[in-house]
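Here is a short report on one protein chain. Please look over the sequence and the structure before reading on.

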Amino acid sequence: MEWQKFAEEMALLARTLLKQDSVQQTLDEIAASAVKLVDGCDAAGILAVRKGRAVTLSSYGDMVEESDRLQGALGEGPCFDLARRADEERVFRVADMTRPQPDWPRYAEAARELGIGSMTGVLLYTHEEDFGALNLYARRPGAFTEDVAIAGWLLASHAAVALADARTIDQLEHALETRHAIGEAMGMLMERHGMSDEDAFSVLRNISQHHNIKLRDVAQQIREKHADGPA
């Protein structure tokens, strides 16, 4: 890895992250940057686990959300293993997912079916029963060398700072649900009434302000109304 070039790119990333308007946008930028900046990385995501339940806070590329879902459903995987270690190890690296993985055999089998050849990740934080990790995925085995794992650790430091700005995982999960609801409602308005995305959002915002209703609740009402039939 060309560390001087990487250092310059990390400096640019730091300035880009400062311009983001929310924690969610910051996390999304970090996941996208991992794929752009780390050699061999095909996908990246930020996973949080709360009381055994997996929540994908951000993802870039395919395989990420399904990998997170599998770890939560199976209760095993490299992220879970990393968080449960007693030796303060904060980085994991799976060099070849095609080989047997006795620590989490069910996840490894499912990961191979997803096309995951190798992966690495960095533990971001632990708080009571909550933990999170920045995970990098590659389709080919052997993609992540020790140097690349260090690059992932540097990216993860930015994610850890962003997560420190969020009070709880519930807060971020709520934000994800809100964004999805608003996007779906906007899509319905655009499809049914031929609106642009700006016009659709303006309708939601105006209703919210006029009736003093949260934007997410307005979106939910529109979703329910349109589900019953044409407006």
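## Terms and model

A residue counts as buried when its relative accessible area is under 20%, as exposed when it is over 50%, and as partly exposed in between. The model is predicted. Its mean pLDDT is 80. A share of 84% of the residues reach 70 or more.

Helix α4 (residues 78-84) has the lowest mean pLDDT, 72. Helix α5 (residues 105-114) has the highest, 95. Where pLDDT is low, the predicted coordinates should not be read in detail.

## Overall layout

The protein has 9 helices and 5 strands. Read from the N terminus, the order of elements is α-α-β-β-α-α-β-α-β-β-α-α-α-α. The chain holds 231 residues, and 42% of them count as buried.

Sequence separation in the contacts is also of interest. Take the contacts between residues at least 6 apart in sequence: 60% of them join residues at least 24 apart.

## Salt bridges

How many salt bridges does a search of the whole structure find? The search finds 6.

The side chains of R223 and E184 meet at 2.4 Å, N to O. Is R223 buried or exposed? R223 has a relative accessible area of 19%. The cut-off for buried is under 20%, so R223 is buried.

## D96 and R99

D96 forms a salt bridge with R99. Their closest N and O atoms are 3.5 Å apart. D96 counts as buried, at 18% relative accessibility. R99 is exposed, with a relative accessible area of 55%.

## Packing of α3 and α5

Helix α3 (residues 64-74) packs with α5 at an angle of about 160 degrees. The two axes are 10 Å apart. Angles over 145 degrees count as roughly antiparallel, so α3 is roughly antiparallel to α5. The crossing of α3 past α5 is right-handed.

Which residues meet between the two helices? On the α3 side they are E66, S67, L70, Q71 and L74. On the α5 side they are R106, Y107, A110 and L114.

G152 is found in helix α6. Its relative accessible area is 3%, so G152 is buried. Leaving aside residues up to four places away in sequence, G152 touches V122, L134 and L136.

G152 and V38 are 114 residues apart in sequence. In space, their C-alpha atoms are 7.4 Å apart.

Conventions: Residues numbered from 1 in each chain as written. Heavy atoms only, no water. Salt bridge = Lys/Arg side-chain N within 4 Å of Asp/Glu carboxyl O. Buried < 20%, exposed > 50% of the residue type's maximum accessible area, 1.4 Å probe, protein only. pLDDT = per-residue confidence, 0-100. Helix = DSSP H or I, 4+ residues; strand = E, 2+ residues; numbered from the N terminus. Axes fitted to C-alpha atoms, helices over the stretch in contact; angles between N-to-C directions. Parallel < 35°, antiparallel > 145°, perpendicular 65-115°, else oblique. Left-handed = near helix turned anticlockwise from the far one by under 90°. Contact = heavy atoms within 4.5 Å.
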